[in-house]
Amino acid sequence: MDKLGNSSTRVLLTGSNGFLGQKCTDFILEKTHYTLCCTSQSPNRNPNNTGYRFVQLDLLDQEGLVELMEEFQPTHILHTAAMTAVEACEQDPALCQKLNVDVVKLLLEAAEKNNIHLTFLSTDFVFDGKNGPYKEIDETNPCNAYGASKVAAEQIILASSAKAAILRTILVYGVIADKKRSNLVLWAKSKLGANEAIKVVNDQWRMPTWVDDLADACILCIEKSATGIYHISSEKMYSVLEAVQEIADYWGYDQSLISPISAGEIGQSENRPQKTGFILDKAKKELGYQPTSFRDSLPSIDQQIKFYMK
Ligand SMILES: NC(=O)C1=CN([C@@H]2O[C@H](COP(=O)(O)OP(=O)(O)OC[C@H]3O[C@@H](n4cnc5c(N)ncnc54)[C@H](OP(=O)(O)O)[C@@H]3O)[C@@H](O)[C@H]2O)C=CC1
Ligand SMILES: Cc1cn([C@H]2C[C@H](O)[C@@H](COP(=O)(O)OP(=O)(O)O[C@H]3O[C@@H](C)C(=O)[C@@H](O)[C@H]3O)O2)c(=O)[nH]c1=O
(Lines give C-alpha, C1' and ligand atoms only; values in the text may rest on other atoms or scores of the structure.)
(Ligands and ions follow the chains in the order given, each with its own letter.)
Protein backbone atom coordinates (compact mmCIF):
# COMPACT_ATOMS: atom_id res chain seq x y z
CA MET A 1 0.00 0.00 0.00
CA ASP A 2 1.16 3.56 -0.67
CA LYS A 3 0.45 6.58 1.57
CA LEU A 4 -2.94 7.08 -0.09
CA GLY A 5 -3.98 3.54 0.70
CA ASN A 6 -3.67 2.31 -2.89
CA SER A 7 -2.54 -1.25 -3.54
CA SER A 8 0.95 -1.50 -4.93
CA THR A 9 -0.01 -3.59 -7.97
CA ARG A 10 -2.04 -1.37 -10.26
CA VAL A 11 -3.23 -3.28 -13.32
CA LEU A 12 -4.62 -1.66 -16.44
CA LEU A 13 -6.49 -4.44 -18.25
CA THR A 14 -7.36 -3.84 -21.92
CA GLY A 15 -9.98 -5.96 -23.66
CA SER A 16 -11.83 -6.49 -20.39
CA ASN A 17 -15.06 -7.30 -22.26
CA GLY A 18 -13.35 -10.13 -24.12
CA PHE A 19 -13.25 -13.80 -23.25
CA LEU A 20 -9.89 -13.70 -21.51
CA GLY A 21 -10.43 -10.15 -20.24
CA GLN A 22 -13.56 -11.09 -18.30
CA LYS A 23 -11.86 -14.12 -16.74
CA CYS A 24 -8.79 -12.04 -15.76
CA THR A 25 -11.06 -9.40 -14.22
CA ASP A 26 -12.82 -12.05 -12.13
CA PHE A 27 -9.53 -13.65 -11.00
CA ILE A 28 -7.80 -10.34 -10.20
CA LEU A 29 -10.80 -9.23 -8.12
CA GLU A 30 -10.27 -12.29 -5.91
CA LYS A 31 -6.86 -10.90 -4.95
CA THR A 32 -6.66 -8.20 -2.31
CA HIS A 33 -3.41 -6.51 -3.26
CA TYR A 34 -4.53 -5.32 -6.72
CA THR A 35 -6.06 -2.06 -7.89
CA LEU A 36 -7.76 -2.77 -11.20
CA CYS A 37 -8.76 -0.49 -14.05
CA CYS A 38 -10.54 -2.21 -16.94
CA THR A 39 -11.01 -0.80 -20.40
CA SER A 40 -12.88 -1.90 -23.52
CA GLN A 41 -14.40 -0.38 -26.62
CA SER A 42 -18.04 -1.11 -25.67
CA PRO A 43 -19.86 -0.55 -22.37
CA ASN A 44 -18.91 -3.05 -19.66
CA ARG A 45 -20.37 -6.49 -20.45
CA ASN A 46 -18.93 -8.29 -17.44
CA PRO A 47 -21.80 -9.02 -15.01
CA ASN A 48 -19.10 -8.92 -12.30
CA ASN A 49 -18.97 -5.12 -12.44
CA THR A 50 -18.00 -3.80 -9.01
CA GLY A 51 -14.72 -3.48 -7.12
CA TYR A 52 -12.84 -1.87 -10.00
CA ARG A 53 -13.01 1.04 -12.36
CA PHE A 54 -14.25 0.58 -15.95
CA VAL A 55 -13.38 3.06 -18.70
CA GLN A 56 -15.00 2.74 -22.10
CA LEU A 57 -12.31 3.68 -24.63
CA ASP A 58 -11.44 3.01 -28.25
CA LEU A 59 -7.75 2.08 -28.13
CA LEU A 60 -7.30 3.85 -31.45
CA ASP A 61 -7.97 7.08 -29.54
CA GLN A 62 -4.30 7.65 -28.73
CA GLU A 63 -4.87 10.78 -26.66
CA GLY A 64 -7.53 9.04 -24.59
CA LEU A 65 -5.25 6.08 -23.98
CA VAL A 66 -2.28 8.22 -22.96
CA GLU A 67 -4.55 10.25 -20.68
CA LEU A 68 -5.89 7.08 -19.03
CA MET A 69 -2.38 5.76 -18.42
CA GLU A 70 -1.20 9.10 -16.99
CA GLU A 71 -4.18 9.30 -14.73
CA PHE A 72 -4.33 5.68 -13.51
CA GLN A 73 -0.53 5.21 -13.31
CA PRO A 74 -0.47 1.45 -13.74
CA THR A 75 2.44 -0.64 -12.54
CA HIS A 76 1.32 -3.36 -14.96
CA ILE A 77 -0.58 -3.39 -18.24
CA LEU A 78 -2.35 -6.63 -19.20
CA HIS A 79 -3.04 -6.13 -22.89
CA THR A 80 -5.62 -8.68 -24.03
CA ALA A 81 -7.48 -6.41 -26.49
CA ALA A 82 -6.97 -7.23 -30.14
CA MET A 83 -8.69 -7.72 -33.46
CA THR A 84 -9.10 -11.47 -33.03
CA ALA A 85 -11.34 -12.55 -35.92
CA VAL A 86 -8.99 -14.07 -38.49
CA GLU A 87 -11.22 -13.32 -41.49
CA ALA A 88 -11.80 -9.69 -40.37
CA CYS A 89 -8.00 -9.19 -40.15
CA GLU A 90 -7.67 -10.55 -43.68
CA GLN A 91 -10.38 -8.22 -44.98
CA ASP A 92 -9.10 -5.08 -43.23
CA PRO A 93 -5.32 -5.39 -42.83
CA ALA A 94 -4.99 -1.64 -42.13
CA LEU A 95 -7.28 -1.83 -39.10
CA CYS A 96 -5.56 -5.05 -38.03
CA GLN A 97 -2.19 -3.24 -38.15
CA LYS A 98 -3.55 -0.28 -36.15
CA LEU A 99 -5.13 -2.39 -33.43
CA ASN A 100 -2.78 -5.33 -33.17
CA VAL A 101 0.54 -3.53 -33.77
CA ASP A 102 0.34 0.27 -33.48
CA VAL A 103 -1.53 0.18 -30.15
CA VAL A 104 1.23 -2.06 -28.78
CA LYS A 105 3.84 0.54 -29.84
CA LEU A 106 2.01 3.19 -27.85
CA LEU A 107 1.68 0.99 -24.77
CA LEU A 108 5.38 0.14 -24.99
CA GLU A 109 6.39 3.79 -25.15
CA ALA A 110 4.50 4.41 -21.91
CA ALA A 111 5.92 1.21 -20.41
CA GLU A 112 9.49 2.23 -21.23
CA LYS A 113 9.03 5.78 -19.97
CA ASN A 114 7.28 4.90 -16.71
CA ASN A 115 8.78 1.51 -15.88
CA ILE A 116 5.46 -0.28 -16.39
CA HIS A 117 5.41 -4.05 -16.93
CA LEU A 118 3.49 -5.19 -20.02
CA THR A 119 1.90 -8.59 -20.62
CA PHE A 120 0.95 -9.13 -24.27
CA LEU A 121 -1.23 -11.92 -25.66
CA SER A 122 -0.07 -13.69 -28.80
CA THR A 123 -1.07 -16.83 -30.65
CA ASP A 124 -0.09 -20.21 -32.10
CA PHE A 125 -0.94 -18.61 -35.47
CA VAL A 126 2.55 -17.02 -35.46
CA PHE A 127 3.65 -20.49 -36.72
CA ASP A 128 2.95 -22.13 -40.07
CA GLY A 129 1.70 -25.37 -38.52
CA LYS A 130 4.17 -27.64 -40.30
CA ASN A 131 6.30 -28.62 -37.28
CA GLY A 132 4.13 -28.48 -34.15
CA PRO A 133 4.42 -28.73 -31.19
CA TYR A 134 6.56 -25.62 -30.96
CA LYS A 135 9.07 -24.16 -28.50
CA GLU A 136 9.34 -20.43 -27.81
CA ILE A 137 12.57 -20.22 -29.83
CA ASP A 138 11.15 -21.83 -32.99
CA GLU A 139 10.97 -19.74 -36.12
CA THR A 140 7.71 -17.92 -36.82
CA ASN A 141 6.06 -18.00 -40.24
CA PRO A 142 2.41 -16.90 -40.09
CA CYS A 143 -0.06 -17.89 -42.78
CA ASN A 144 -2.63 -15.13 -42.17
CA ALA A 145 -2.77 -11.39 -41.50
CA TYR A 146 -3.82 -11.93 -37.87
CA GLY A 147 -0.76 -14.11 -37.18
CA ALA A 148 1.49 -11.67 -39.08
CA SER A 149 0.21 -8.78 -36.94
CA LYS A 150 1.04 -10.70 -33.75
CA VAL A 151 4.56 -11.48 -35.06
CA ALA A 152 5.06 -7.78 -35.83
CA ALA A 153 3.92 -6.80 -32.33
CA GLU A 154 6.14 -9.47 -30.75
CA GLN A 155 9.18 -8.17 -32.64
CA ILE A 156 8.57 -4.60 -31.49
CA ILE A 157 8.20 -5.81 -27.89
CA LEU A 158 11.37 -7.90 -28.02
CA ALA A 159 13.34 -4.97 -29.47
CA SER A 160 12.18 -2.54 -26.78
CA SER A 161 13.78 -1.99 -23.41
CA ALA A 162 10.43 -2.30 -21.59
CA LYS A 163 9.83 -5.14 -19.13
CA ALA A 164 7.42 -7.25 -21.13
CA ALA A 165 6.11 -10.80 -21.36
CA ILE A 166 4.58 -12.34 -24.47
CA LEU A 167 2.12 -15.15 -23.76
CA ARG A 168 1.31 -17.20 -26.85
CA THR A 169 -1.79 -19.33 -26.50
CA ILE A 170 -4.01 -21.69 -28.51
CA LEU A 171 -7.75 -22.15 -29.15
CA VAL A 172 -9.03 -20.83 -25.83
CA TYR A 173 -12.18 -22.43 -24.37
CA GLY A 174 -14.20 -22.37 -21.15
CA VAL A 175 -16.95 -20.42 -19.41
CA ILE A 176 -17.41 -16.80 -18.37
CA ALA A 177 -20.50 -15.20 -16.86
CA ASP A 178 -21.29 -13.35 -20.11
CA LYS A 179 -23.40 -15.95 -21.94
CA LYS A 180 -23.03 -14.34 -25.37
CA ARG A 181 -19.40 -15.44 -25.79
CA SER A 182 -19.05 -18.90 -27.33
CA ASN A 183 -16.05 -21.14 -28.01
CA LEU A 184 -15.30 -24.66 -29.21
CA VAL A 185 -16.49 -26.45 -26.04
CA LEU A 186 -19.66 -24.39 -25.54
CA TRP A 187 -20.50 -24.59 -29.27
CA ALA A 188 -20.11 -28.37 -29.42
CA LYS A 189 -21.88 -28.89 -26.08
CA SER A 190 -24.87 -26.76 -27.03
CA LYS A 191 -25.30 -28.37 -30.48
CA LEU A 192 -24.83 -31.95 -29.29
CA GLY A 193 -26.96 -31.32 -26.22
CA ALA A 194 -29.76 -30.21 -28.55
CA ASN A 195 -29.27 -33.37 -30.66
CA GLU A 196 -28.01 -31.35 -33.62
CA ALA A 197 -25.45 -32.80 -36.02
CA ILE A 198 -22.11 -30.98 -36.34
CA LYS A 199 -19.22 -31.15 -38.76
CA VAL A 200 -15.82 -30.91 -37.14
CA VAL A 201 -12.41 -30.62 -38.76
CA ASN A 202 -10.24 -33.72 -38.58
CA ASP A 203 -7.10 -32.24 -40.12
CA GLN A 204 -6.26 -29.41 -37.70
CA TRP A 205 -4.34 -30.35 -34.56
CA ARG A 206 -4.26 -28.15 -31.45
CA MET A 207 -3.54 -28.14 -27.72
CA PRO A 208 -6.61 -26.20 -26.54
CA THR A 209 -6.22 -23.77 -23.63
CA TRP A 210 -8.66 -23.52 -20.73
CA VAL A 211 -9.38 -19.83 -20.16
CA ASP A 212 -8.92 -20.31 -16.38
CA ASP A 213 -5.36 -21.63 -16.95
CA LEU A 214 -4.60 -18.72 -19.26
CA ALA A 215 -5.87 -16.15 -16.75
CA ASP A 216 -3.72 -17.83 -14.07
CA ALA A 217 -0.71 -17.55 -16.40
CA CYS A 218 -1.41 -13.84 -16.96
CA ILE A 219 -1.44 -13.26 -13.20
CA LEU A 220 1.76 -15.29 -12.75
CA CYS A 221 3.39 -13.02 -15.34
CA ILE A 222 2.25 -9.92 -13.47
CA GLU A 223 3.35 -11.22 -10.09
CA LYS A 224 6.78 -12.23 -11.37
CA SER A 225 7.11 -9.26 -13.75
CA ALA A 226 8.17 -11.94 -16.23
CA THR A 227 9.95 -11.06 -19.45
CA GLY A 228 10.29 -12.87 -22.78
CA ILE A 229 8.08 -15.34 -24.63
CA TYR A 230 6.05 -18.08 -22.90
CA HIS A 231 3.92 -20.82 -24.43
CA ILE A 232 0.62 -21.40 -22.60
CA SER A 233 -1.80 -24.20 -23.55
CA SER A 234 -2.73 -27.72 -22.50
CA GLU A 235 -0.23 -30.51 -23.13
CA LYS A 236 -1.95 -33.18 -25.21
CA MET A 237 -2.31 -32.82 -28.96
CA TYR A 238 -5.86 -33.33 -30.24
CA SER A 239 -7.31 -33.07 -33.69
CA VAL A 240 -10.26 -30.70 -33.32
CA LEU A 241 -12.47 -33.71 -34.11
CA GLU A 242 -10.91 -35.70 -31.24
CA ALA A 243 -11.43 -32.78 -28.85
CA VAL A 244 -15.12 -32.63 -29.76
CA GLN A 245 -15.42 -36.42 -29.38
CA GLU A 246 -13.97 -36.01 -25.88
CA ILE A 247 -16.65 -33.40 -25.15
CA ALA A 248 -19.40 -35.77 -26.37
CA ASP A 249 -17.93 -38.60 -24.32
CA TYR A 250 -17.78 -36.55 -21.10
CA TRP A 251 -21.37 -35.27 -21.34
CA GLY A 252 -22.70 -38.57 -22.74
CA TYR A 253 -23.88 -37.18 -26.07
CA ASP A 254 -24.48 -39.23 -29.19
CA GLN A 255 -21.14 -39.54 -31.03
CA SER A 256 -22.91 -40.23 -34.32
CA LEU A 257 -24.00 -36.56 -34.41
CA ILE A 258 -20.35 -35.64 -35.07
CA SER A 259 -19.04 -36.03 -38.60
CA PRO A 260 -15.57 -35.21 -39.90
CA ILE A 261 -14.91 -32.42 -42.34
CA SER A 262 -11.63 -31.14 -43.76
CA ALA A 263 -10.22 -27.68 -43.07
CA GLY A 264 -10.41 -27.07 -46.83
CA GLU A 265 -14.16 -27.67 -46.81
CA ILE A 266 -14.66 -24.81 -44.32
CA GLY A 267 -12.19 -22.54 -46.13
CA GLN A 268 -9.36 -23.05 -43.63
CA SER A 269 -6.72 -25.03 -45.54
CA GLU A 270 -4.47 -22.11 -46.50
CA ASN A 271 -5.23 -19.50 -43.85
CA ARG A 272 -4.86 -21.62 -40.70
CA PRO A 273 -1.80 -23.57 -39.48
CA GLN A 274 -2.48 -27.30 -39.69
CA LYS A 275 -0.76 -28.57 -36.55
CA THR A 276 0.31 -26.24 -33.76
CA GLY A 277 0.64 -27.23 -30.09
CA PHE A 278 3.26 -25.98 -27.64
CA ILE A 279 6.10 -27.34 -25.54
CA LEU A 280 5.39 -25.89 -22.08
CA ASP A 281 8.66 -26.57 -20.23
CA LYS A 282 9.69 -22.90 -20.02
CA ALA A 283 6.34 -21.67 -18.65
CA LYS A 284 6.23 -24.49 -16.11
CA LYS A 285 9.80 -23.92 -14.93
CA GLU A 286 9.96 -20.12 -14.93
CA LEU A 287 6.35 -19.09 -14.24
CA GLY A 288 5.19 -22.12 -12.26
CA TYR A 289 2.44 -22.61 -14.87
CA GLN A 290 0.36 -25.75 -14.22
CA PRO A 291 -1.71 -26.79 -17.24
CA THR A 292 -5.03 -28.55 -16.76
CA SER A 293 -5.65 -31.38 -19.23
CA PHE A 294 -8.52 -30.85 -21.65
CA ARG A 295 -10.40 -33.80 -20.18
CA ASP A 296 -9.88 -32.67 -16.56
CA SER A 297 -11.19 -29.18 -17.33
CA LEU A 298 -14.59 -30.52 -18.47
CA PRO A 299 -16.02 -31.32 -14.98
CA SER A 300 -15.04 -27.80 -13.81
CA ILE A 301 -16.65 -26.33 -16.90
CA ASP A 302 -19.80 -28.34 -16.18
CA GLN A 303 -19.91 -26.87 -12.66
CA GLN A 304 -19.29 -23.35 -13.92
CA ILE A 305 -22.10 -23.65 -16.48
CA LYS A 306 -24.46 -24.76 -13.69
CA PHE A 307 -23.26 -21.92 -11.45
CA TYR A 308 -23.85 -19.24 -14.11
CA MET A 309 -27.26 -20.70 -15.03
CA LYS A 310 -28.52 -20.14 -11.46
N1 LIG B 1 -9.55 -16.72 -28.07
C2 LIG B 1 -8.56 -17.47 -28.55
O3 LIG B 1 -8.75 -18.63 -28.92
C4 LIG B 1 -7.17 -16.91 -28.63
C5 LIG B 1 -6.88 -15.60 -28.28
N6 LIG B 1 -5.59 -15.13 -28.38
C7 LIG B 1 -5.28 -13.75 -28.01
O8 LIG B 1 -5.69 -13.55 -26.67
C9 LIG B 1 -6.20 -12.23 -26.50
C10 LIG B 1 -7.58 -12.30 -25.90
O11 LIG B 1 -8.44 -13.01 -26.77
P12 LIG B 1 -10.01 -13.05 -26.53
O13 LIG B 1 -10.29 -12.75 -25.12
O14 LIG B 1 -10.52 -14.28 -27.16
O15 LIG B 1 -10.45 -11.81 -27.42
P16 LIG B 1 -11.93 -11.25 -27.65
O17 LIG B 1 -12.12 -11.13 -29.12
O18 LIG B 1 -12.91 -12.01 -26.86
O19 LIG B 1 -11.84 -9.80 -26.99
C20 LIG B 1 -11.15 -8.77 -27.61
C21 LIG B 1 -11.34 -7.51 -26.78
O22 LIG B 1 -10.67 -6.44 -27.46
C23 LIG B 1 -11.47 -5.28 -27.34
N24 LIG B 1 -11.24 -4.41 -28.48
C25 LIG B 1 -11.26 -4.71 -29.79
N26 LIG B 1 -11.06 -3.59 -30.51
C27 LIG B 1 -10.91 -2.57 -29.63
C28 LIG B 1 -10.70 -1.18 -29.75
N29 LIG B 1 -10.61 -0.57 -30.94
N30 LIG B 1 -10.61 -0.44 -28.62
C31 LIG B 1 -10.73 -1.01 -27.41
N32 LIG B 1 -10.93 -2.33 -27.23
C33 LIG B 1 -11.02 -3.09 -28.34
C34 LIG B 1 -12.90 -5.78 -27.37
O35 LIG B 1 -13.72 -4.81 -26.73
P36 LIG B 1 -15.33 -4.81 -26.91
O37 LIG B 1 -15.79 -6.21 -26.71
O38 LIG B 1 -15.78 -3.85 -25.87
O39 LIG B 1 -15.57 -4.33 -28.32
C40 LIG B 1 -12.79 -7.07 -26.58
O41 LIG B 1 -12.99 -6.79 -25.23
C42 LIG B 1 -6.13 -11.57 -27.87
O43 LIG B 1 -5.00 -10.75 -27.93
C44 LIG B 1 -6.03 -12.73 -28.83
O45 LIG B 1 -5.34 -12.37 -30.00
C46 LIG B 1 -4.57 -15.90 -28.82
C47 LIG B 1 -4.82 -17.20 -29.19
C48 LIG B 1 -6.11 -17.82 -29.10
C1 LIG C 1 -16.98 -23.11 -37.91
C2 LIG C 1 -16.34 -24.45 -37.58
C3 LIG C 1 -15.10 -24.48 -36.98
N4 LIG C 1 -14.53 -25.67 -36.69
C5 LIG C 1 -13.21 -25.68 -36.01
C6 LIG C 1 -12.09 -25.04 -36.76
C7 LIG C 1 -11.19 -24.50 -35.68
O8 LIG C 1 -10.18 -25.45 -35.35
C9 LIG C 1 -12.09 -24.33 -34.49
C10 LIG C 1 -12.34 -22.87 -34.16
O11 LIG C 1 -12.64 -22.21 -35.34
P12 LIG C 1 -12.63 -20.64 -35.55
O13 LIG C 1 -12.61 -20.38 -37.01
O14 LIG C 1 -13.67 -20.04 -34.70
O15 LIG C 1 -11.35 -20.18 -34.85
P16 LIG C 1 -9.91 -19.92 -35.37
O17 LIG C 1 -9.85 -18.61 -36.02
O18 LIG C 1 -9.31 -21.03 -36.13
O19 LIG C 1 -9.33 -19.94 -33.91
C20 LIG C 1 -8.29 -19.12 -33.52
O21 LIG C 1 -8.68 -17.96 -32.85
C22 LIG C 1 -7.61 -17.06 -32.88
C23 LIG C 1 -8.02 -15.80 -32.18
C24 LIG C 1 -6.34 -17.66 -32.39
O25 LIG C 1 -5.42 -16.95 -31.99
C26 LIG C 1 -6.07 -19.13 -32.55
O27 LIG C 1 -5.34 -19.67 -31.48
C28 LIG C 1 -7.30 -19.95 -32.80
O29 LIG C 1 -7.81 -20.59 -31.69
O30 LIG C 1 -13.31 -24.97 -34.79
C31 LIG C 1 -15.15 -26.86 -37.00
O32 LIG C 1 -14.58 -27.95 -36.73
N33 LIG C 1 -16.37 -26.85 -37.60
C34 LIG C 1 -17.00 -25.68 -37.91
O35 LIG C 1 -18.15 -25.71 -38.45
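Predicted model: local features only at pLDDT ≥ 70, side-chain atom pairs only at ≥ 80, totals over all residues.
**Exercise 1.** Which residues does the cis peptide bond join, and where does proline 133 lie?

Solution. Most peptide bonds are trans. The omega angle between glycine 132 and proline 133 is about 0°, and the bond joining them is cis.

**Exercise 2.** Locate leucine 171 and serine 225, and decide for each whether it is buried, partly exposed or exposed.

Solution. Start with phi. Most residues other than glycine have a negative phi. Leucine 171 has a positive phi, near 30°. For serine 225 phi is also positive, about 40°.

Then take the positions. Leucine 171 sits in the loop between β6 (164-169) and β7 (172-173). Serine 225 is found in the loop between α7 (211-224) and β11 (228-232).

Finally, count neighbours. A residue is buried at 20 or more other C-beta atoms within 10 Å, and exposed at 12 or fewer. Leucine 171 has 20 such neighbours and is therefore buried. Serine 225 has 15, so it is partly exposed.

**Exercise 3.** How many residues surround ligand 2, which strand gives the largest share, and how does the shell divide by residue class?

Solution. The shell around ligand 2 holds 15 residues. Thr84, Thr123, Leu171, Val200 and Val201 are the closest. Strand β8 (residues 198-201) supplies the largest share, three residues. By class, the shell has nine nonpolar, three polar and three charged residues.

Conventions: Residues numbered from 1 in each chain as written. Chains lettered and ligands numbered in written order. Helix = DSSP H or I, 4+ residues; strand = E, 2+ residues; numbered from the N terminus. Near = placed C-beta within 6 Å. Nonpolar A, V, L, I, M, F, W, Y, C, P; charged D, E, K, R; others polar.
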